[in-house]
Amino acid sequence: MNLFPTNATVEPAQISRSTLRLAITGFTLTFFAATANAADVRKEAKLELAPGGNITIVNGSGSVALRSAFSGRQVVVAYTTHSDKVEVDLNTTADKQRVELRTHAIAGQKPTPDEAKVDFEVAVPPGAVVNVNTVSAPVTAEGISGDITLSSESGQIEVHNMAKSHLHIRSMNAAVSLTGINTTHVDVSSNGGPVHMSNVVGPRVVVGTTSGNVDYRGDCSGGGDYIFTTHSGEIDMWLPKSASVEFSAHTRTGSVENEFPLEEKPHPNLPQSQGRSFAGTSNSGSSSVELDSINGKIRVKKQ
């Protein structure tokens, strides 16, 4: 395509000035890109931890990613800062019982939200006690085991592939997602964020929210207690026909729906109200499932 009319003329000076402007613009973009990359600083450290020791991570914003170290007693830490206005303190006690990673602004500096971000990648030895506390940083954990506590005000929390552990989660307004959790004690508390669970099995799985929705996909196996409560959120469960559960569901002013085949209990623990509650047993009823909502909907469906 001809960008100029056929009778148009372009003076050499015009070409030079245009070329110069383009060159300057290109240089400016390149310079800023280089400056942005130069601000990112990645550091790594290896810290010794005694068996069953405690790892504490406190991070305002950015991200925290935890994975299993599989063996050994070393906590392998990699973190990236995005400005020179923040720093990370790494501390280990003399007896190796405690490792602490904490971010903070340097004295006299006022980093912007982007400048304050720090991204952590931490390899956790098996059986460690882990405490993560963030403001807005999302937290992900993959394949770790031990006594794990994850807390965030507005950062999403995701946990995948955990077994034989204790998992405690506290969230204010962000989503919580649990997948592939096996033989683990689970305790989730959320204010307004939804809680999603897929193939979560444990001797005791307790989820409570104020206004967040709760959904569960799995078979509630293991002979455990599954207790899901919410004030104004909704509870949805999808179970296979083979699930062996004893159900009790109740809502005060909301509604209930059940399409899962249940044998009614002759003496339910709570008085039954049409459209507001149901109770019954499927198969041998090896696991107990309690669903409770003040004014939200409760739905149980077949997978």
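Predicted model: local features only at pLDDT ≥ 70, side-chain atom pairs only at ≥ 80, totals over all residues.
1. Of the 303 residues, 39% count as buried. The accessible surface of the chain comes to about 15,700 Å², and carbon and sulfur atoms account for 53% of that surface.

2. Now for the interior. In soluble globular proteins, nonpolar side chains tend to be buried together. Here the largest nonpolar core has 60 residues, and Leu66, Leu178 and Phe228 touch the most other members. Strand β7 (residues 118-124) supplies the largest share of this core, with four residues.

3. Leu66 deserves a visit of its own. Leaving aside residues up to four places away in sequence, Leu66 touches Ile57, Val122, Val124, Val130, Val132, Thr140, Ala141, Glu142, Ile144 and Leu150.

4. Next come the aromatic rings: the structure holds four aromatic pairs. One of them joins Tyr79 and Phe120, with 6.0 Å from centre to centre and 45° between the planes, a tilted arrangement. This pair links distant parts of the chain, as Tyr79 belongs to strand β4 (residues 74-81) and Phe120 to strand β7, 41 residues apart.

5. Are these two residues buried or exposed? Tyr79 counts as buried because its relative accessibility is 9%, which is under the 20% cut-off. Phe120 is buried too, with a relative accessible area of 1%.

6. Another pair to look at is Phe247 with Phe278. The ring centres are 6.0 Å apart and the planes meet at 55°, so this pair is tilted.

7. Finally, which residues form one aromatic cluster? They are Tyr216, Tyr226 and Phe228. You have met Phe228 already, as one of the residues that touch the most other members of the largest nonpolar core.

Conventions
Residues numbered from 1 in each chain as written. Heavy atoms only, no water. Core = buried A, V, L, I, M, F, W, Y, C linked by side-chain atoms within 4.5 Å. Buried < 20%, exposed > 50% of the residue type's maximum accessible area, 1.4 Å probe, protein only. Helix = DSSP H or I, 4+ residues; strand = E, 2+ residues; numbered from the N terminus. Contact = heavy atoms within 4.5 Å. Areas by Shrake-Rupley, 256 points an atom, 1.4 Å probe, with all protein chains shown as cover. Phe/Tyr/Trp six-rings, centres within 6.5 Å; stacked < 30°, edge-to-face > 60°.
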